[in-house]
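Keep the view open and follow along as we go from the whole chain to single residues.

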Amino acid sequence: LTATKTVDLDNSMSVTEIQNIINEQPRNLNGNYLIFQFADGNYDFISGGISFSGFDGGYLDVRGNLGNTDVENLSVKFHGDQASDNGLAIFLNCSAKCQMVKIALEQDSTSVTDQRLLRLYSVAHGLINSCSFNSLSTNRANEGIVANGGRTKINNCKFNNLEKAIYSVQN
């Protein structure tokens, strides 16, 4: 990447289309910002979540609507009925500074095994800012945020109906 780049995504795209767009981006950010800007709407991740993997040397931002002021009523929602071990979203093996801001993650699965809404695995620096994590089901998701290795700062987030809001493991 040679300059800041914004990639616009909207909820008319399938999970596969979104993942393909993510995968097409350069992994070496060269100190620049790569911004994935999600437009307002509900993103149905029924067949699986999205992965931000292998980004290095810069800043990776996954953004909802920055104009939202109420964390409990965010206008960008990642929704799934089968949150998995990897979550609705995962940051994986990144030395870039990874941030997610102003996105709601929610599930309504009837299963309660191995469910995570957001996962950070081997991420050098993570920041989760003004996001919400919610299980809509009477069967609660196991964890809202799972952080394995690296440093993660969680700021101004809301958690509802989860067995564990935040689960951290240092490898």
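## The chain as a whole

In the protein chain, 80% of the contacts with a separation of 6 or more are between residues 24 or more positions apart. Please keep in mind that this is a predicted model. DSSP runs give the protein chain one helix and 14 strands. The radius of gyration is 15 Å, close to the 16 Å that the globule rule gives for 171 residues, so the protein chain is as compact as a globular protein of that length. Taken along the principal axes, the box filled by its C-alpha atoms is roughly 45 × 40 × 30 Å.

What about the surface? The accessible surface of the protein chain is about 7,700 Å², and carbon and sulfur atoms hold 42% of that area. As for the inside, 48% of the 171 residues count as buried.

## An open sheet

Now look for the sheet of five strands, which is open and has parallel pairing in the order E3-E6-E8-E10-E13. Its edge strands are E3 (41–44) and E13 (158–160), each of which pairs on one side only. From one strand to the next, the twist averages 15 degrees.

E3 runs parallel to E6, and four bridges join the two. Here Asp44 stands opposite His79 in E6.

Gly80 has Gln107 in E8 as its bridge partner.

## The nonpolar core

Which residues touch the most other members of the largest nonpolar core? They are Phe38, Phe78 and Met100, in a core of 38 residues. The elements that give two or more residues to this core include helix H1 (15–23), strand E1 (5–9), strand E2 (33–38) and strand E9 (116–129). E7 supplies the largest share, six residues.

Leaving aside neighbours within four places in sequence, its contacts include Val62, Phe78, Ala89, Phe91 and Leu105. Leu118, Leu127, Ile128, Asn129 and Cys131 are also among the residues in contact with Met100.

Most residues other than glycine have a negative phi.

| Residue | Phi | Relative accessibility |
|---|---|---|
| Lys102 | near 60 degrees | 14% |
| Asn156 | about 55 degrees | 46% |

Lys102 sits in the loop between E7 and E8. Is Lys102 buried or exposed? Buried means under 20% relative accessible area, so Lys102, at 14%, counts as buried.

Asn156 lies in the loop between strand E12 (151–155) and E13. Its relative accessibility is 46%, and therefore Asn156 counts as partly exposed, a class that runs from the buried cut-off of 20% up to the exposed cut-off of 50%.

Key. Residues are numbered from 1 along each chain as its sequence is written. This is a predicted model: local features need pLDDT of at least 70, side-chain atom pairs count only at pLDDT 80 or more; totals for chains, interfaces and linings use all residues. Side-chain values use heavy atoms; hydrogens and water are left out. Two strands pair if DSSP finds at least two bridges between them. Axes are lines fitted to C-alpha atoms, for helices over the stretch in contact, and angles run from 0 to 180 degrees between N-to-C directions. The radius of gyration is taken over C-alpha atoms; the globule rule is 2.2 Å times the number of residues to the power 0.38. Buried means under 20% relative accessible area, exposed over 50%, partly exposed in between (1.4 Å probe, protein chains only). Contact means heavy atoms within 4.5 Å. Accessible areas come from the Shrake-Rupley method with a 1.4 Å probe; for residues, only the protein chains shown count as cover. A nonpolar core is a set of buried Ala, Val, Leu, Ile, Met, Phe, Trp, Tyr and Cys residues joined through side-chain atoms within 4.5 Å.
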